[in-house]
Structures are given as C-alpha cells and as structure tokens.
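Here are my notes for you, as numbered points. Keep the model open while you read.

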Amino acid sequence: QYFGCASKPDNTLLVATQRCTAVVKCFIEFYGKYCADMAMQNLALQETTTEEIINLVRDNVYHVGILHYTSDNEADFLHMCHALNLEIHPLHESLLCAQMRQGHPLAKEVSIGVDALASYPHVTFSDEDIPKVNYCSDVMQFNKNVLKKRIVLKSMGTLKQILKHTDGYFIGCDFTGMTIDQEPEMVYVPLNDMDITIKTIWIHRSGYVLSEIELLFVKELKKQFALLPQMKN
C-alpha cells in the first residue's frame, strides 16, 4: 500500500507570523490561486510572538517566519539574526500609525502627536510589553503618569472588535486599504512626533532552499505587501 505508491509533490507550507492582516489576506489569496485543487496539502499558519517565530524558524520547525521590528532596534535585530544563522528579506516599511475606527474623534486628522492620544485607551497585545524580546519599541509603554488608559489583548479578532466599538487605538503599520471580506475599513493616522518606522520582513534559516509551494507563497506575500502605502524617500 505504501511502497507501491508513486511519489507525490510535497505540498507542505509552514508559516509562523505575528498578528498581521496583510499576512492573513496573503494566505487566503495564495490558497485560492494554488491550493484549492490540490489532492494533498499540509498548510499551517501560526500567529505567535516574535521570540517564538525566531525559535521556530531557527529550529527548522517552521520554514518561513514573518515579523516586524522598529528602526531604532535594527542594529540589535540584525546582529541577533546573524548570530542565529537566519536570513532576512524586507517586505515593507511603514511610519508608526494610530489605527482606529472611522468614527473615532481623531480619524480625520492628517497626522497626530502622541499627546493627542492621551485621553483615549491604548489597545495593545500582552507580548508587546517586552521590547527586548520583540524588537519593537513600546512607544506607548504603560505609565500611569503618561498613559492613563490601556486595554491588553491576545487575539487579533478581539483587537478588531475593540477598535470597532470603542475609541481605543492601536499603534502599528499603515495598512490602509487592506481588508478581508466585509470587515470595516480602519483609519491609519501617522504619528508626527516619532522618528521611528516599522519594518516588516520574512526570514528563513541560512542555507535552507525553499520548496515550490513556499516560493509561491513568498511571491504572493510580496504582492500583497506591495499594495500597501509605500514610504517616500
């Protein structure tokens, strides 16, 4: 039964990623184009922390990792990747933006300063409280003398619901125009007093040769991130 079977292509795709709408959109588009008619497939998309992504790719448990880091931590991040024998490939660079619902009192502003956000709840993920681990600056680090309102979450789905129904905001990339199905359009307002950008990359182990299905996924990944607003030089 087993030894008599003709060999079949290895349609395995293992991707570890931070919570990111653009990656989910990429995965959906990729599946529709390349996977819907596959007789055999083994796909995994795990949303997890930066530290866990790095460990999974380093240990060859997952072959592709997608994550963010901020420009002020770039030197340390690149040094760490080199030390762990990881190769990095850029996808996108974004200004720091406050993500909020269309009806938010600040939604129509062209740009804002951090002080303008003081009276609104800062929504964040619990694993982002440790900048040294995730290589992203916690620009709104909780301090009751500076930041009086905070909502800490674990799930991307919960984040979207909180932003949709409150005046909370999330600090992250500019994902203008990136929606899935009929989800409400979010507004991304750049912070004008923070000289920091967020860089999105994909990583793999040095020397690892991507399979055909992994190459197709990376191709779609680049396409989706190319649709996002690009920073002007």
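1. Two strands pair if DSSP finds at least two bridges between them; strands (E, at least two residues) and helices (H or I, at least four) are DSSP runs, numbered from the N terminus. Strand 5 pairs with strand 8 (residues 170-172) in the antiparallel sense, over three bridges. Find Ala98: its bridge partner in strand 8 is Ile171.

2. A word on the source: this is a predicted model, where local features need pLDDT of at least 70, side-chain atom pairs count only at pLDDT 80 or more, and totals for chains, interfaces and linings use all residues. Residues are numbered from 1 along each chain as its sequence is written, and side-chain values use heavy atoms, leaving out hydrogens and water.

3. Strand 5 also pairs with strand 9 (residues 186-190), again antiparallel, over five bridges. Here Met100 stands opposite Val187.

4. Why is strand 5 largely enclosed by the rest of the structure? Because four of its five residues (97-101) are buried, meaning under 20% relative accessible area with a 1.4 Å probe, protein chains only (exposed is over 50%, partly exposed in between).

5. Cys173 is buried, at 7% relative accessible area.

6. Now look at Gln224, in helix 6 (residues 212-226). Gln224 counts as buried, at 3% relative accessibility. Leaving aside neighbours within four places in sequence, Gln224 is in contact (heavy atoms within 4.5 Å) with Ala22, Lys25, Cys26, Glu29 and Met178.
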